[in-house]
Amino acid sequence: AGTAFLSGYVPTGVSEQATQRRPGADAATVLGPGAATATDMATVRADGRPARAARRWPIFVAAAVALLAIAGRFLWRQIETQSAFRAALGEAQRAKEARDWKAALAAAENALKLQPDQAEAAALAQEARNRLQFHQLMENARGEFEKSRWQAALKILDDALALFADDAEANDLKARAGRALQKKLDRERAA
């Protein structure tokens, strides 16, 4: 039982006879100075060479801990980004429901900064841009209409209706501008 740790292992330059255990002798006495100790011999591989993995386990554990820390930090950033994106998208949707197109556009663009390829945020941002442009065009058309510039009002209203063809106010203003222009042309012909 005492020689089990030596079975199959013969260091280079040591005869097989030297490896026979004598009563009361330890590995250093049997094998000579610099020989493997019982602790080293306990980690002998099947091919007779000493196993080194037992001495490297702290390095592997440290590497695994470092990788887990990096992965954890990456996942935490992903969660934070997703949470911020959802908050920005929710804010954009609430602003859309309130018809606050400037706020909707700002929130949708914030969401797109976090996730540039997100279709819902891109659609919300585009709708907000279109609505802002539409409102600006309608304001300009009303101004032209009030100044009796019917042709200018009709051109602007065509641009506005290209964005939102079903808008009742734009269609009504276009019809009124068209009738006013027709009356003006009829008066000019009659004169």
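A salt bridge is taken here to be a side-chain nitrogen of Lys or Arg lying within 4 Å of a carboxyl oxygen of Asp or Glu. The structure is a predicted model, in which local features need pLDDT of at least 70 and side-chain atom pairs count only at pLDDT 80 or more, while totals for chains, interfaces and linings use all residues. Residues are numbered from 1 along each chain as its sequence is written, and side-chain values use heavy atoms, with hydrogens and water left out.

The secondary structure of the protein consists of seven helices and zero strands, where helices (H or I, at least four residues) and strands (E, at least two) are DSSP runs numbered from the N terminus. Read from the N terminus on, the elements follow the order α-α-α-α-α-α-α. The protein has 191 residues, of which 27% are buried; buried means under 20% relative accessible area, exposed means over 50%, and partly exposed lies in between (1.4 Å probe, protein chains only). The protein exposes about 13200 Å², and carbon and sulfur atoms supply 55% of this area, as computed by the Shrake-Rupley method with a 1.4 Å probe, with only the protein chains shown counting as cover for residues. Of the contacts (heavy atoms within 4.5 Å) between residues at least 6 apart in sequence, 44% join residues at least 24 apart.

The largest nonpolar core has 18 residues, a nonpolar core being a set of buried Ala, Val, Leu, Ile, Met, Phe, Trp, Tyr and Cys residues joined through side-chain atoms within 4.5 Å. The residues with the most contacts inside this core are F134, M138, F145, L157, A170 and L173. Helices α5, α6 and α7 are the elements that give two or more residues to this core, and the largest share, seven residues, comes from α6. When neighbours within four places in sequence are left aside, M138 is in contact with L157, A160, E169, A170 and L173. A second, separate core of 16 residues includes F85, A88, A92 and A107.

Side chains of opposite charge can pair when their charged atoms come close. A search of the whole structure finds eight salt bridges, and one of them joins the side chains of K96 and E127, with a distance of 3.2 Å from N to O. Because K96 lies in helix α3 (residues 53–97) and E127 in helix α5, this pair ties together parts that are 31 residues apart in sequence. K96 is partly exposed, with a relative accessible area of 29%, and E127 is also partly exposed, with a value of 23%.

Another salt bridge, between D159 and K155, has an N to O distance of 3.8 Å; these residues are four apart in helix α6 (residues 150–163) and are therefore separated by about one helical turn. D159 is partly exposed at 37% relative accessibility, whereas K155 is exposed, with a relative accessible area of 54%. In helix α7 (residues 168–190), R189 and D186 lie three residues apart, about one turn of the helix, and their closest N and O atoms are 3.3 Å apart in a salt bridge. R189 is exposed at 62% relative accessible area, while D186 is partly exposed at 37%.

R131, placed in helix α5 (residues 119–146), is buried yet has no salt bridge, and the nearest side chain of opposite charge, E127, is 4.3 Å away. In this assignment, Lys and Arg count as positive and Asp and Glu as negative, while His and the chain ends are not counted. Apart from its neighbours within four places in sequence, R131 is in contact with W101 and F164.
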